[in-house]
Number of protein chains: 2
Amino acid sequence: MGWELEESIYRRIATTTPTRILYLVLDGLGGLPGPDGRTPLEAAATPNLDRLVREGCSGIFDPVAPGVTPGSGPGHLGLFGYEPMTVEVGRGVLAALGIGFPIRKGDVAARFNFCTLDGEGRVTDRRAGRIPTEKNRELVALLRERVRPPEGVELFLETVAEHRGLLVLRGEDLGHRIADTDPQRTGVAPLPAKALAPDSERTARIVDEIVAKITEVLRDHHPANGILLRGFDTLPDIPSLQERFGLRPVCIAQYPMYRGLARLVGMEVPEPPASLEALPASLKEHWDGHDFFFCHVKYTDKAGEDGDFGRKCEVIETVDAMLPTMLELRPEVVVVAADHSTPARLKAHSWHPVPGLIWAPSTVLPDRVEAFGERECSRGGLGRQYLRHLLPQALAHAGKLVKFGA
Amino acid sequence: MGWELEESIYRRIATTTPTRILYLVLDGLGGLPGPDGRTPLEAAATPNLDRLVREGCSGIFDPVAPGVTPGSGPGHLGLFGYEPMTVEVGRGVLAALGIGFPIRKGDVAARFNFCTLDGEGRVTDRRAGRIPTEKNRELVALLRERVRPPEGVELFLETVAEHRGLLVLRGEDLGHRIADTDPQRTGVAPLPAKALAPDSERTARIVDEIVAKITEVLRDHHPANGILLRGFDTLPDIPSLQERFGLRPVCIAQYPMYRGLARLVGMEVPEPPASLEALPASLKEHWDGHDFFFCHVKYTDKAGEDGDFGRKCEVIETVDAMLPTMLELRPEVVVVAADHSTPARLKAHSWHPVPGLIWAPSTVLPDRVEAFGERECSRGGLGRQYLRHLLPQALAHAGKLVKFGA
C-alpha cells in the first residue's frame, strides 16, 4: 500500500539531529462560521499565530480521509504521521487511556456499564438508572475486595463516571477478540462472552467466570445488580516515534487520553501541567533532552463540543497569548495544527479538514497567507493533504530527513 | 497498491497519436526567497513562461512524497510517471549513467576510490591524497592493460574524476548484492567483498580476485596503491515509456546523468546539444519521428548548488528566451517542470514541492495564474500533486489516453 512504501522511505532517510520541533495541537480547532460569517479561528484575535503563518506556510489536512470524522485516536495518529486507518485503537483501550489507567501490552480492556437485572436475570435498565459516580466507586471498591480472578490472571476494575467503568485483565496469552456481552436492549439476559477467534476462547471463559462472580456480589445492590461489557480490546502494537524517526519526543498535555495516546507512540509523558496557562512553563522544564514537543490543548475541542462559539474564540486567544513565551525557547520548527474539527454549530467532531501551519524561518517558503484561519490556510502553499504528511514535512524542515536516492 | 492500480489503468487506456509533447525540465528549479523576498523563478523576467502559465494551468508537485528530498534518479522517475519509491537506481548505476558508460541489463557496477595502503595493507588515506584526474586516467589505462578478469567475465574500468572511478563487470549470472569493500575509516585493511545474498557469492569472489590483481599492479604507485569499492548495483528492470504508453520519446540533454536516466526509460538519446543555447536546434533536428521530447536544462540546478541566486535567475531567463523558437515547432502540449528544488540558500536539493505547468490550448482550463512561480503555481488549478501524476495529464491533453470504462 502507498503509505507503507512511504513509511519505509521516511524511516530510511530519518536521522537524529539536535533541532527541536514544537508541535502544538489545538484539539478540535477547525470550525464553521458563527453569526458574523467567521469561524472561531478567523474571529479570534491571534497576532502571534498570524505572524507564524505569515512567516511560514500553511494548508488544510484530512486527518483520516476526505469525509471521515475522526475520533481522538485516529486524529492524533494522523498528527503523529501514522496511517490512522491501519491502527485500531479500540474503545476499551481509549477508555483506559482516558482515565490514565497504565495499560500494558497484552492487557485486555473492556468498558462496562452497571445495569439492572430482574428476577429472571433479564436486563431492565442498561444504565442502572445512571447511578451517581460516588455509588459506582463504592461498588467498584466492593468488587475489588470480593471478586477473585482465576489463577494466573490479574483483574482491574476502575470507575469512569456514573454507571460506566473499565475492566482490565492481565496475564499470559489473553485474547481480546470477544463480542460485547451488552445485548443493546432490555428484556433479555446479558450475553455470554463469545470468542470471535480461537485465541480468545480461554479469555471468554475467564470473562464469563468473572461476570458470574460480579453478579453474585452485586445481587443485593439493585438497581446496579449486574454488568454489561463492550469494546474488548488490547493495545495495538505500533512502532514508536523513536523507532521510526529516531525522535526523542515528550508530551505536554493535561488530559489522560492524550497522555495515553502519546505513551502509545513512545513519548515520554511527564507530570501534566496544572492548567492551560502552565503549559509554557512545563514545556520549558522539559526542553532539554528532547527534540519533539507535543503540546496538547484540550479546551478548543471542549468549547466546540459544548457549542460555545465564544469560549472557543477565547481559548484560541489564550493560546495565542502564550505563544511568545513558548517561542522564547527558540524551537527551529513550529507546527500548529489539530486532530480534527469540532464546529460549535455541530457540537461534535466533524470531517472538515483542519488548518495547519509550519514555521521554520531558515527553510520555509512563505506562502502569502496573512492570517491563521481555515479558509486562509486552504489557499496556503501546503495545499490540501493527508494529516499524516504533516509530521514528515516538519522533520524535513528540522533537517531530520536526508536525501533519498542519488 | 495505489500506484500499481493507476499504472495498470494508464497503460490500458494509453494510445499512440501523432501529437507532440514538449517536456521541458529545469533541473532543481524550485527555490527559496532571496533578499527581496522573491525566488529566482519569481524574480527572473520570464515573459514566455508567464504566457504559457497564463494560457495553461499549473500546480506544485512532490517528486517523491511530502518532506522527501529526492536525488536526481527519483526526481526524474517521478517526472517520467514512475513511482520513484519502487525503482531503486543505485549509486553504481548512477555513476555509470553520469559518465555516459553504456551500461547494460545484468551488468554489475560499483564506484571505486583509489586509496593509499601502508606496508601492512591498511588504509591510510581513503582518497589517495585526491590524486589529479590525469593521474587517475594513467592508472586506469595501466589497469586496463594489466588486469585480466576471470574467464567469462568482462571488466570495465573508467575514470570519473580525481580519485574516483567506476568498475563494471559484465557476464552471465552476476549478482550485485555485495557489501562495500570501503571500510569507511583508516587504520584497517579494505574489506573483502561480502555477498549479501546467495546469488552474489560467485561475483563477490570474482571481485576479490580482481581487487587482488589491481592491488598487485598498483603496488608501486603510492599514494594510489589500492582501491576501495562501494555501491554495487545493477540496472533496475523497469518498463519503458514505449511499453507503458506507446510513446516514441527522445532525450535532448547535455549531461550524461540525464541522458542515462532517459536511456533507462527507453528514450532515444541522440548526440547532446553543444550548449544550452543549442537546445532548440537540437530539438528541431529530432522533431520528426518522435512524440515526446524530454528537454533537460542542468544549469538551474548547478546555480542552486553553487548558492548563486543571480545565476539561477539568468539561466531561467535564458531558457525563457529560447522558448519562442521551440514553440515554433508547434507542439500540441508543453510541460515545464522540475525534478526537485535546489534553493540557492540551501546549496542542495530540497524537499520543497516543484512548480509545474501544462500548456495545451485546445484542452486546458486556464487557472488564472498570471506568472510562473512557486507561489503562483501553489494556487494553480492543478493543486498539489505527486509528480508522477504530471505525465499522465500531459498524455491526456495530447489525446494519448482514451476513456476508461463505458
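## How to read the model

Residues are numbered from 1 along each chain as its sequence is written, while chains are lettered from A and ligands numbered from 1 in the order in which they are written. Because this is a predicted model, local features need pLDDT of at least 70 and side-chain atom pairs count only at pLDDT 80 or more, whereas totals for chains, interfaces and linings use all residues.

Let us begin with confidence. Chain A has a mean pLDDT of 96, and 100% of its residues reach 70 or more; pLDDT is the predictor's confidence in each residue, from 0 to 100. For the complex, the predictor gives an ipTM of 0.89 and a pTM of 0.90.

## The build of chain A

Chain A contains 14 helices and 12 strands. These elements are DSSP runs, numbered from the N terminus: helices are H or I with at least four residues, and strands are E with at least two.

Along the principal axes, the C-alpha atoms of chain A fill a box of roughly 70 × 55 × 40 Å. A compact globule of 406 residues would have a radius of gyration near 22 Å, and the 23 Å of chain A agrees with that. This radius is taken over C-alpha atoms, and the globule rule is 2.2 Å times the number of residues to the power 0.38.

## Where the chains meet

How many residues of chain A are in contact with chain B? There are 24, and they meet 31 residues of chain B. Two residues count as in contact if their C-beta atoms, placed from the backbone, lie within 7 Å. On the chain A side, α1 (2–13), β12 (383–386) and α14 (390–397) each give two or more residues. The largest share, five residues, comes from α1(A).

By class, this side of chain A has 11 nonpolar, eight polar and five charged residues. Here Ala, Val, Leu, Ile, Met, Phe, Trp, Tyr, Cys and Pro count as nonpolar, Asp, Glu, Lys and Arg as charged, and the others, Gly among them, as polar.

## How the copies are related

Chain A superposes on chain B with an RMSD of 0.3 Å, through a rotation of 125° and a shift of 0.3 Å along its axis. The two copies are thus related as by a three-fold rotation axis.

## Two helix pairs

In chain A, the axes of α5 (residues 91–98) and α9 (residues 256–264) come within 7 Å and cross at roughly 115°. That makes α5(A) roughly perpendicular to α9(A), a label for angles of 65 to 115 degrees. Axes are lines fitted to C-alpha atoms, for helices over the stretch in contact, and angles run from 0 to 180 degrees between N-to-C directions. A:Leu94, A:Leu97 and A:Gly98 of α5(A) meet A:Pro256, A:Met257, A:Gly260 and A:Leu261 of α9(A). Five of these residues are nonpolar, two are polar and none is charged.

In chain B, α3 (residues 47–55) and α12 (residues 309–327) pack at about 65°, with axes 7 Å apart. B:Pro47, B:Asn48 and B:Leu49 of α3(B) touch B:Asp320, B:Leu323 and B:Pro324 of α12(B).

## Backbone details

The peptide bond from A:His222 to A:Pro223 is cis, with omega near 10°, and A:Pro223 sits in the loop between α7 (201–218) and β7 (226–233) of chain A. In chain B, the bond from B:His222 to B:Pro223 is cis too, with omega near 10°.

A:Arg368, although not a glycine, has a positive phi of about 70°. Its place is the loop between β11 (354–359) and α13 (374–377) of chain A.

Terms used. Least-squares fit on C-alpha atoms with pLDDT ≥ 70 in both. Parallel < 35°, antiparallel > 145°, perpendicular 65-115°, else oblique.
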